[in-house]
Amino acid sequence: MGGAALTFGTAAHKNPCLFSGANITTFLSLLVCLFTLGTPLWSQITPGGTVTPPAPETQVSPALPAPQQNGPILDRIEFQGNRRIRTETLNARIFERKGDPYNEDALRRDFQALWNTQYFEDIRLEVQDSPNNPNAKIVIFYVVERPIIRRIEYHGNKSITESDILDRFKDRKVGLSVEGQFDPTKIKKAEVVIKELESEHGHQFAVVKPTYEKIPSTNAVKLVFTIDEGPKVKVGMIAFQGNHAFSDRKLIRSMHNSRPFSVPLLITDLPLFHKTFDRSKLNEDLEAGIRELYQSAGYFKVVVKDPVLNTVDVNRAGLGPLPLVGHEHGKATNITIPIEEGEQYRMGRLVIRSADPEKGLTLKREALEAMFPLHQGDIFDISKVRKAVENYTKAYGAYGFIDFTAVPLPDVHDDTKIIDLTLDFDEQKQYFVRRIDFSGNTTTRDKVIRRELLLSEGDIFNNRAWELSLLRLNQLDYFSKIDQKDADIKRNTKQGTVDILLKLKEKGKQSISLTGGVSGLSGSFVGLGYRTNNFLGLGETLSLSGQIGTIQKTAVFGFTEPYLFDRPVATGFTISYSSFNFDQARQESILLGQQIQINPNIEQNYTQNTLGGTLFASYPLRRFSFARLGLTYGYSHTNISAFSTASTDLFEVLQFQSLAGPSALSGIESSYLMPTFTYNTVNNPMNPTTGRSLFYSFKVEGLGGNVKALTNVLEAKYFHPVYHKRNVLAFHFVGSFSTGYDERVVPPYERLFLGGETDLRGFDIRTVTPIAFIPIATTTSFTFLDPTHLDISGNATLRSTPAIPVLTFQPSFPGGDTSGVVNAEYRIPIVGPVAVSAFLDAGAVGILRKDQLALNSTGLSNITSFFPNFTNSALLIQPGTNFRPRASAGIEFVVQLPIINAPFRIYWAYNFDRLEQQIAAPITSFQSIDYQNLRQVVGPSIWDSQVLPQLLNFQVNTQRINFFEPASTFRFTVSRTF
């Protein structure tokens, strides 16, 4: 946008130097020519005189005249034209000062210094005689500042956003920004970077044209990048030449960045969508994909040559009824990859030695050789060699050798196809921890942090111990996620010590959590929790939570002390109240959106109120262990009230407390001890990405109270990062078994059910259970025409039989004593707190100990007194419902709101393994001990001809349930399954 040149001239009172429009290149070229031609430019300058052109035939020495003793001095130095850049800043850039001798070489140097600042698009230097001092000069620099970029706009960018462009500018250090100077060099660099970014998104033919517009009345411009993306280029056909060891299909599968999204079939893959072509990613596939595959199979000298690329136009329709699948329109780059496989090599001799001949190995050679995964004769697998180097680095890092390097030196024997491998170990210096400091922990006390660290001052710096220390700190959830980069480790190579400064960012000490949802039979609910995390900076936790819903109401108050008396003993207590109100008819009405009525003989309708508390403590198995042993004591008082025939019959006929009637459900007192084992390496309690956990508890009820039961619970979780550690594979399993002892059964509320957003997401709450039948001894009566009693018209009168004892069976949902459920998720973060997950849930509930559904003695004696042939002492279980598996799969969207610390989610589930059948009760029995007496009372002939047919019809028309579980479910909740 401008230039500068330097020419000195003299006049009577002014020495101008004008060069507007020339650039620095022209100026330098002119100087070279002048000096080459020997033009005595500088010798012609006489202060205060006129410029006399040299005679063409006269040769003048190019040497400058010696400065005179009383030469002119600089009266002052001025800058004109600078608006934004202060004069003081410009004075600091030059060397001449007021009062210095006038020297044209020095002025030339100052002129060049100003030009090199890149502040100006034009500079003009003028020298004037001072009006006040005839032996002084005034130097004036006329400058034209480069314009400021007031605004930058991007037009035509569809595949990339402005945010993407700015992030790439930052990565490439372009230096182009709003309110920055207009610099053509930076603009050209920005153009190249935008083209590169477009190419990565499949637009290799993108054209980027930068233009600018001057903003009137200002020294500012608007910079516009006009982008013509052109057609998007996809990866086309991928072919190989020279491959014999591996098929094209396997080689394509190794190209993770370029292979199409395909459906694997028996002998081939069906491509659905092709990925965007990116040459840099293709190069990565050639090296980390194909070459790695060959070298892992022993083809050590494989050569993957440069691919042959051919970009073609593509216009391909979709697959029949799926027009979007396989549809391609635009351009595609076909890739042909030549390969020279070479020979297959095997492992020969292994030598491990120190890189320093005067120093031996610190670790035992035998142990190091045992760590190496390859043996003589094995196929030489380069991936295993790399893994071995990583393991050696970790092993030495555990002993303070943090600069350890292992250099593999292969010795290839082409005649025998053997590779002897030498590993040179450069151990470097062993480091110890001198000091550990923290910053950012404004509330959390240092001792709370230090007690989680596996390193102390004076210890050997153990890399593995430091990684585990950061994991333990992350598990506290007191701070934002802590990474290795948050630790500033300074080494003192002379003393062999390190100083560690761990930079922390505390989370809020107080948090509010929200839970809730609306879901079929589980009804609607909302919960609020208040938690003082890291109370007073000592790591203590005080929590208060409550939930109100159409089914359940809960309130919990708790306190936890993680380090009792500065010992790693976690202690605490909880006090809780819960009210469970299960009305099956109401919840079915909510589910179906209309008011319905359910037969009270099968409808479950009851309430359960529980008040209780716990005391707990846990201790690590060893110092700094992730495994802990715990012990919990709990006490609860429960009352159950049944409001339907089905619930009353179920709760009252079971042999709970060996009592019958309502007293069996009032005043249930449970006093228990529960030892626990916990192992947890999960890196974050809210959004884990790696780690595993295992929990086991054995609950023994019977230490007082009136409940005697044993409950086992096993729970496991596993999280594994995939796809460049961006996504997460998550697995969860929980299994339970509960039984009574000493002729007692478990209380009704401890029987096991599945269904709902916490286990089987596609099914409704408490609907996954075996179906059982409760025997009910009752009476019925039928009418008959009695020919022995005639009315006034001489017709047989209509009479009723005496009460006939019958044994009917009522369907019920008792729950199981054994359950198991497995959850699998593939979690993909989308943006910020939003994530999507594909999930699969499967589980079953069953009854192992059928004697736990035994009838109470009073109810059983009432039945057998009338029906002596009844021999079942427990509830009858419907075939096909005990341990009947259920499974569902679907997708869920989760939004993690950090302010209220709650995961909002919407999910859809398809129940591909569900129960769909009509449940019929067993045949009614009427062969009581009074049967023959009743037959004689009515009369054998009348009984056989009129009453018996009605009894037989009554016998087969038992109660039936249309048990059809939903095919799909759509729900909103505020919770996570695991």
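Predicted model: local features only at pLDDT ≥ 70, side-chain atom pairs only at ≥ 80, totals over all residues.

Student: Which way do strand 38 and strand 39 run, and how many bridges join them?

Tutor: They run antiparallel, and 10 bridges join strand 38 to strand 39, which covers residues 902-913.

Student: And what does strand 36 pair with?

Tutor: Strand 36 (residues 834-846) pairs with strand 38 (residues 886-897) in the antiparallel sense, over 10 bridges. In that pairing, F839 stands opposite G890 of strand 38.

Student: OK, switching to helices. At what angle do helix 7 and helix 9 pack?

Tutor: At about 90°, with their axes 6 Å apart. Angles from 65 to 115 degrees count as roughly perpendicular, so helix 7 is roughly perpendicular to helix 9.

Student: Which residues make that contact?

Tutor: Helix 7 brings E292, Q295 and S296, while helix 9 brings I382, S383 and R386. By type, the contact residues divide into one nonpolar, three polar and two charged.

Student: New topic: E96. Where is it found?

Tutor: E96 sits in the loop between helix 2 (87-93) and helix 3 (104-116).

Student: Is E96 buried or exposed?

Tutor: Buried. The relative accessible area of E96 is 8%, and buried means under 20%. Leaving out residues up to four places away in sequence, E96 touches L74, I77, P101, A106, L107, R109 and D110.

Student: Now charges. How many salt bridges does the structure hold?

Tutor: It holds 47 salt bridges. One of them is between D75 and R76, with the closest N and O atoms 3.4 Å apart. R76 is partly exposed, at 33% relative accessible area.

Student: What about R450 and E457?

Tutor: Their side chains meet in a salt bridge at 3.2 Å, N to O. R450 is partly exposed at 30%, and E457 also counts as partly exposed, at 37% relative accessibility.

Student: And K485 with D486, how far apart are they, N to O?

Tutor: 4.0 Å, and that pair is a salt bridge. K485 counts as exposed, with 67% relative accessibility, whereas D486 counts as buried at 17%.

Student: Last one: which residues are linked in a network of salt bridges?

Tutor: R761, E825, R827, D841, E892 and R905 are linked that way.

Technical notes
Residues numbered from 1 in each chain as written. Heavy atoms only, no water. Pairing = 2+ DSSP bridges. Helix = DSSP H or I, 4+ residues; strand = E, 2+ residues; numbered from the N terminus. Axes fitted to C-alpha atoms, helices over the stretch in contact; angles between N-to-C directions. Parallel < 35°, antiparallel > 145°, perpendicular 65-115°, else oblique. Contact = heavy atoms within 4.5 Å. Nonpolar A, V, L, I, M, F, W, Y, C, P; charged D, E, K, R; others polar. Buried < 20%, exposed > 50% of the residue type's maximum accessible area, 1.4 Å probe, protein only.
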